[in-house]
Protein chains: 2
Amino acid sequence: MSTPASEEQADTKVARYQIGEVADRTGVTQRTLRFYEEKGLLRPPERMDGGFRLYSDEDVERIEYIRRLQQYLGFTLAEIKEMVEAEDLRQQIIATFRPDRELPARLDRVLRAAGALERQLEVVDHKVEALAEMQEDLRAKLERVTTRRHELEEAIAQQAAETK
Amino acid sequence: MSTPASEEQADTKVARYQIGEVADRTGVTQRTLRFYEEKGLLRPPERMDGGFRLYSDEDVERIEYIRRLQQYLGFTLAEIKEMVEAEDLRQQIIATFRPDRELPARLDRVLRAAGALERQLEVVDHKVEALAEMQEDLRAKLERVTTRRHELEEAIAQQAAETK
DNA sequence: ACGCACCATGACGTGTACGTGAGATGGGAG
DNA sequence: CTCCCATCTCACGTACACGTCATGGTGCGT
């Protein structure tokens, strides 16, 4: 009664959503979700017996992450793919923390994840720098324009006073 | 002898470059320059008698500005067009500083320029915020991965010592 | 006046990031 | 079991930002 339609999984406890609900929650279309999957941006989600996709909360977070990267930061999907793949590596690293065998393989994953993170950080640093510069520039211009505006308003007021 | 090929304009003093040189200087293709002009991002440059385009230093700066907006900040050309149009308004405001007639018209231009600048600044502020967040996130992840890396390297060193 | 690199204008092609049906299947409500 | 909406898989369409010929004119050194 009190549980929403998509959370009635009392035994497994993990919530699963089908594509329509995920689309509503994230604000992207179903087409886009399938497209991201096709392009390797989203891991293929579970399926119901009939073939319907079942997304997890983790998937939803990832979708929101992808959208932020795209909309606010202007990354291409190819760049984002690299980034989420690095994220997957990190997850794998965390997941394989317990089994203490084959250390070199784990080190390799860690090194690749570190490399990916460094490259991402470099790109972001570049963008931050460019943006900060642009921000300053805009602020300065706005200030000058505002000054000019006050001058003009004063001049118009004065002219009106003279005409009167 | 000491003057580069494109600066031999001893009388007018203003340097003019044709499209190939501008392309080399800015790193964009000639096609892109014509495309920007077509789309209204660049004011139609001067032409030689034969029809060859002649760009000024100002044009070159504008091209570099456009590229920064596009590459580092992820604006679309349509958005950039709005922004450079605001820039043109600013230029006009400066140019029409002397003739002190028709003050209301000048105020109108100033107000529109201010509005455009404010909108741009809002977008940039948004992006700066998102980027800063992402930067922090990446730094934290990189630090964790680096820690994990050192742990692994130590573990491997220890294992090697034991085997020996 | 000749040669040749440079430039002009179309016109069509390409890659990215989806949009938009079409037609078939799934699956829970009555 | 039937209704009916949601989802499935192709497959073609589209807007943006150019790339890529094709064809022909320009500018200048010799």
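## The interface between the chains

Chain B and chain A bury about 4600 Å² between them, 76% of it on carbon and sulfur atoms; buried area is the accessible area (1.4 Å probe) that two parts lose on being put together, summed over both. On the side of chain B, the residues that lose the most area to chain A are B:Tyr72, B:Leu131 and B:Leu138, together 13% of what that side buries. The structure is a predicted model, in which local features need pLDDT of at least 70 and side-chain atom pairs count only at pLDDT 80 or more, while totals for chains, interfaces and linings use all residues. Residues are numbered from 1 along each chain as its sequence is written, chains are lettered from A in the order in which they are written, and side-chain values use heavy atoms, with hydrogens and water left out.

In all, 45 residues of chain B are in contact (heavy atoms within 4.5 Å) with 45 residues of chain A.

## Salt bridges across the interface

Between chain B and chain A the count is two salt bridges, each defined as a side-chain nitrogen of Lys or Arg within 4 Å of a carboxyl oxygen of Asp or Glu. One joins A:Glu87 to B:Lys141 at 2.9 Å, N to O. Another joins A:Lys141 to B:Glu87, also at 2.9 Å, N to O; this pair runs from helix α5 of chain A to helix α4 of chain B.

A:Lys141 counts as buried (under 20% relative accessible area, with exposed over 50% and partly exposed in between; 1.4 Å probe, protein chains only) because its relative accessibility is 9%. B:Glu87, at 17%, is likewise buried. A network of salt bridges links A:Glu87, A:Arg90, B:Asp137 and B:Lys141.

## A salt bridge within chain B

B:Glu153 and B:Arg149 meet in a salt bridge of 3.1 Å, N to O. These two residues are four apart in helix α5 of chain B, so about one helical turn separates them; helices (H or I, at least four residues) are DSSP runs, numbered from the N terminus. B:Glu153 is partly exposed at 31%, and B:Arg149 is partly exposed at 29%.
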